Amino acid sequence: MARLLATGVLVTLTALLAQPVFAQDASRDGQTWTERKCALYRRAFDDALHAVGRQGIRESFLARNTTFIEGGCTGNSKLCPETGKEIELANLLTVMTMNEGMASTFVPFGCPN
């Protein structure tokens with residue numbers, strides 16, 4: 001219960017502190033919107049992983065996420081969060097990226113069936 005409350009507080013704080021970045025703003029610094037989204041996702045992933053912690057997250061899940069980022073966040077393969085911590089991380093990242101103006105479909109999470 002305390003962990004769920006802490007996650008809720010973190011999500012709320014993220015929502016309050018996030019400054020949305022929209023497509024028309026993405027060309028600043030010479031980046032395309034896709035490049036900007038990927039940079040934002042990389043930062044959000046690092047922050048979320050720090051908040052959630054690595055314990056309970058499979059190395060293969062982390063490695064596939066790193067591959068997604070290194071590929072410019074354009075890969076179409078989906079990462080399936082299986083453990084409770086992976087689901088917590090995926091949920092937090094989805095909220096964080098949506099707060100930055102990205103669609104919820106941007107994140108690389110999805111499971112077959």
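Buried means under 20% relative accessible area, exposed means over 50%, and partly exposed is anything in between, using a 1.4 Å probe and protein chains only. With that in hand, G53 at 22% relative accessibility counts as partly exposed.

What you're looking at is a predicted model, where local features need pLDDT of at least 70, side-chain atom pairs count only at pLDDT 80 or more, and totals for chains, interfaces and linings use all residues. Residues are numbered from 1 along each chain as its sequence is written, and side-chain values use heavy atoms, with hydrogens and water left out.

## The overall picture

The protein chain has four helices and zero strands. Here helices (H or I, at least four residues) and strands (E, at least two) are DSSP runs, numbered from the N terminus. Reading along the sequence gives the pattern α-α-α-α.

Of the chain's 113 residues, 35% count as buried. The accessible surface comes to about 6900 Å², and 57% of that belongs to carbon and sulfur atoms. Those areas come from the Shrake-Rupley method with a 1.4 Å probe, and for residues only the protein chains shown count as cover.

Now for contacts, meaning heavy atoms within 4.5 Å. Among the contacts in the protein chain with a separation of 6 or more, 72% are between residues 24 or more positions apart.

## Two disulfides

A disulfide is a pair of cysteine sulfur atoms within 2.5 Å, and a search of the whole structure finds two of them. With bonded cysteines counted along the chain, they follow the pattern 1-2, 3-4.

Take C38 and C73, whose sulfur atoms are 2.1 Å apart. This pair links distant parts of the chain: C38 is in helix α2 (residues 33-52), while C73 is in the loop between α3 (59-70) and α4, 35 residues apart. The torsion about their S-S bond is about 65°, so this disulfide is right-handed. C38 counts as buried at 6% relative accessibility, and C73 is buried too, with a relative accessible area of 7%.

The other link joins C80 to C111, S to S 2.0 Å. C80 lies in the loop between α3 and α4 and C111 in the segment after α4, so the pair ties together parts that are 31 residues apart in sequence. With 100° about the S-S bond, the link of C80 and C111 is right-handed. C111 is partly exposed, with a relative accessible area of 42%.

## Three salt bridges

Side chains of opposite charge can pair when their charged atoms come close. A salt bridge is a side-chain nitrogen of Lys or Arg within 4 Å of a carboxyl oxygen of Asp or Glu. A search of the whole structure finds three, and here they are:

| Salt bridge | N to O distance |
|---|---|
| R43 and E100 | 3.7 Å |
| R58 and E82 | 3.6 Å |
| R58 and E86 | 2.8 Å |

R43 forms a salt bridge with E100. The pair links distant parts of the chain, with R43 in helix α2 and E100 in the segment after α4, 57 residues apart. R43 is partly exposed, with a relative accessible area of 45%, whereas E100 counts as buried at 12% relative accessibility.

Which residues are linked in a network of salt bridges? They are R58, E82 and E86. E82 forms a salt bridge with R58. E82 lies in the loop between α3 and α4 and R58 in the loop between α2 and α3, so this pair ties together parts that are 24 residues apart in sequence. R58 also forms a salt bridge with E86. E86 is in helix α4, 28 residues from R58.

How covered are these residues? E82 is exposed, with a relative accessible area of 55%. R58 counts as partly exposed at 29% relative accessibility, and E86 counts as buried at 0%.

## K85, a buried lysine

K85 sits in helix α4 (residues 84-99). Where charges are concerned, Lys and Arg count as positive and Asp and Glu as negative, with His and the chain ends not counted. K85 is buried yet has no salt bridge, and the nearest side chain of opposite charge, E88, is 4.3 Å away.

What does the side chain of K85 reach? It reaches the backbone oxygen of V52, at 2.5 Å.

That brings us back to G53, which is in the loop between α2 and α3. G53 and K85 are 32 residues apart in sequence and 8.2 Å apart in space, C-alpha to C-alpha.

Note on methods: Polar contact = N/O pair within 3.5 Å; in protein donor to acceptor, adjacent residues only side chain to side chain.
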